[in-house]
Amino acid sequence: LIEHDFTLLGATAIEDKLQDGVPDTIHTLQTAGIKVWVLTGDRQETAINIGMGCKLISEDMTLLIVNEENSEGTRDNLSKKLNAIRSQADGVNAIRSQADGGIEMEALALVIDGKSLTYALERDMEKMFLDLAVMCKAVICCRVSPLQKALVVKLVKRHLKTILLAIGDGANDVSMIQAAHVGVGISGVEGLQAARSADVSIGQFRYLRKLLLVHGAWSYQRVSKVILYSFYKNIALFMTQFWYSFQNSFSGEVIFESWTLSFYNVLFTVLPPFVIGIFDQFVSARLLDRYPQLYQLSQKGVFFKMHSFFSWILNGFYHSLILYFVSELIYWSDLPQSDGKVAGHWVWGSALYTAALATVLGKAALVTNIWTKYTVIAIPGSMIIWMIFLPVYATVAPKVGVSTEYNGVIPRLYTSPVFWLMGLVLPVMCLLRDFAWKYAKRMYYPQAYHHVQEIQKYNIQDYRPRMEQFQKAIRKVRQVQRMRKQRGYAFSQTDESQARVLQAYDTTRERGRYGEMASSRK
């Protein structure tokens, strides 16, 4: 209604240029086993060119283009392509079985426009579209609206048991980012709407590589280990009380003093899970970036399987059995003393508590992959805290009417060589099987990350000298200083020479002849 009878005065254009590192990032993510789908509002030809430029699709890939005008055409197109791929897959499998492998299907890429996508997302057609998309190595949806982006994400979430990550840099990506399991926003010149609505905000698309392959792999392994260790350490100690209940005829009598038992999770074993969950690295950042295939460990759930969970649980039962029954044999008949008296129940309970604490801390040391100063503070430090806490608390608490069970315990406990030997021998007996199993697993049933750990162990170049670390810190500072220049569109980058020309032009001044023509026309 408005844009007619105009006189063309000029035109402007934006060079659609990829950010630095986008092709390498997408190629690395595909190598890591991550499927990449591009949902864009660009035209079909532009979207294909972007896919070529960012290495999402290559020249040797077969493009499956769906560009129909109606629902029936879209259904026929999807059905024909899906049947052709399935028949080809059956033929390849038959040839592969006869040739003993070595035959692979050609790589496919699906390209669908917004109008066809509207029909493909209908209830009776969405499963067919999803089956076809999953068979392809890459998917490009062009000319799509913000709503369609969210609908595609929800379609995959509804039918597939996969974790979805959506990344975008504009306000039109907000619905897609919020619909995915994990949303990543790029804070650039298109505004901060995407970054504000996302779970994670980054400055450049290429930062996604380190976010997933390094920090993602570390976080998965750390959280898995913390959960398993937390179950284990409680079972290893508290199951001794269960075994004791058979001996005390289920009378409710306890082995350990109540406040000491309460401090177990609050004070004495609280630091190892924190340190493991924050600082542990099963492989260095450099090697995780060098071998992106290690990211598939998290996709396959290697570190947190049902088998792993029950293995840790049974290991806690096993340790509790050794701790209880061996300590009971050691303190048989309450361990008669040289002065004719007996050590007593609470001396045995304190000695058993010490051995159990040493065992669970030793287990934390055994499963820790990297030792830092914080690891030393957490694991040996927790044992030192207990050895200092026990005599102080057992001396002061009975005098103020608290924990009277500790009356006379310390002189019998700390002067007994049985206590010290038990604190050393019992943890070794418990952890000897764990150490042997860990060694045998690395030697005879190694995982992929075990090989990379050996590379890290014997590769001197992986350990950077102090000067190189200093230079890296300087580069980071300079990078922060250049942050404004580096930020841009997810698939665009400003040329500095063009930016200077545009910034030098004063838009408030009259534009000469064209301004005079406009005035005379009025």
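# Reading helix packing and annotated sites in a predicted model

Tutor: The end C-alpha atoms of residues 414-432 lie 26 Å apart, and this span is 89% helix and 0% strand. The model is a predicted one.

Student: Which record does that span come from, and which residues does it list as "transmembrane region"?

Tutor: The spans come from UniProt, in an unreviewed entry, which lists residues 266-288, 309-326, 346-367, 374-394 and 414-432 under "transmembrane region". Such annotations may be inferred rather than shown by experiment.

Student: How far apart are the end C-alpha atoms of residues 346-367, and what is the helix content of the span?

Tutor: For residues 346-367 the ends are 32 Å apart, C-alpha to C-alpha. The span is 100% helix, with 0% strand.

Student: How many helices and strands does the chain have?

Tutor: There are 23 helices and 7 strands in the chain. Of its 522 residues, 42% are buried.

Student: Among contacts between residues at least 6 apart in sequence, what share joins residues at least 24 apart?

Tutor: That share is 72%. Gly73 belongs to helix 3, residues 71-98. Its relative accessibility is 17%, so Gly73 counts as buried, the cut-off being under 20%.

Student: Now the packing of helices. What describes two packed helices?

Tutor: The angle between the axes and the distance between the axes describe them. Take helix 14, residues 306-330, as the case. Its axis and that of helix 18, residues 417-444, come within 10 Å and cross at roughly 150°.

Student: How is the relative direction of helix 14 and helix 18 classed, and why?

Tutor: Angles over 145 degrees count as roughly antiparallel, and therefore helix 14 and helix 18 are roughly antiparallel to each other. The crossing of these two helices is right-handed.

Student: Which residues of helix 14 and helix 18 meet?

Tutor: From helix 14 they include Asn315, Tyr318, His319 and Ile322. Among their partners in helix 18 are Val418, Met422, Leu426, Arg433 and Asp434. By class, the residues of this contact divide into 11 nonpolar, 3 polar and 2 charged.

Student: Helix 14 also holds Ser308. Is Ser308 buried or exposed?

Tutor: Ser308 is buried, at a relative accessible area of 15%. Apart from neighbours within four places in sequence, Ser308 is in contact with Leu228, Val302 and Phe303.

Student: What are the angle and the axis distance for helix 9 and helix 11?

Tutor: Helix 9 packs against helix 11, residues 271-279, at about 165°, and the axes are 8 Å apart. The two helices are therefore roughly antiparallel. Their crossing is right-handed. Helix 9 contributes Arg222, Lys225, Val226, Tyr229 and Lys233 to the contact, while helix 11 contributes Pro272, Pro273, Ile276, Gly277, Ile278 and Phe279. The classes are 7 nonpolar, 1 polar and 3 charged residues.

Student: At what angle does helix 1 cross helix 9?

Tutor: Helix 1, residues 22-31, and helix 9, residues 207-247, cross at roughly 25°, with axes that come within 9 Å. That makes helix 1 roughly parallel to helix 9, since angles under 35 degrees fall in that class. The crossing is left-handed. Asp24, Thr25, Thr28 and Leu29 in helix 1 meet Leu208, Arg209, Leu212 and Leu213 in helix 9. This contact has 4 nonpolar, 2 polar and 2 charged residues.

Student: Last, the annotated site. Which residues does the UniProt "binding site" annotation cover?

Tutor: The annotation, from an unreviewed entry, covers Asp169 and Asp173. Asp169 is in the loop between strand 5 (165-168) and helix 7 (174-179). Asp173 lies in the loop between strand 5 and helix 7.

Student: Are Asp169 and Asp173 buried or exposed?

Tutor: Asp169 has a relative accessible area of 8%, so it is buried. For Asp173 the value is 7%, and Asp173 is buried too.

Student: Which residues is Asp173 in contact with, leaving aside its neighbours within four places in sequence?

Tutor: With those neighbours set aside, Asp173 is in contact with Lys149 and Gly168.

Note on methods:
Residues are numbered from 1 along each chain as its sequence is written. This is a predicted model: local features need pLDDT of at least 70, side-chain atom pairs count only at pLDDT 80 or more; totals for chains, interfaces and linings use all residues. Side-chain values use heavy atoms; hydrogens and water are left out. Axes are lines fitted to C-alpha atoms, for helices over the stretch in contact, and angles run from 0 to 180 degrees between N-to-C directions. Helices (H or I, at least four residues) and strands (E, at least two) are DSSP runs, numbered from the N terminus. Angles under 35 degrees count as roughly parallel, over 145 as roughly antiparallel, 65 to 115 as roughly perpendicular and the rest as oblique. A crossing is left-handed if the near helix is turned anticlockwise from the far one by less than a right angle, and right-handed if clockwise. Contact means heavy atoms within 4.5 Å. Ala, Val, Leu, Ile, Met, Phe, Trp, Tyr, Cys and Pro count as nonpolar, Asp, Glu, Lys and Arg as charged, and the others, Gly among them, as polar. Buried means under 20% relative accessible area, exposed over 50%, partly exposed in between (1.4 Å probe, protein chains only).
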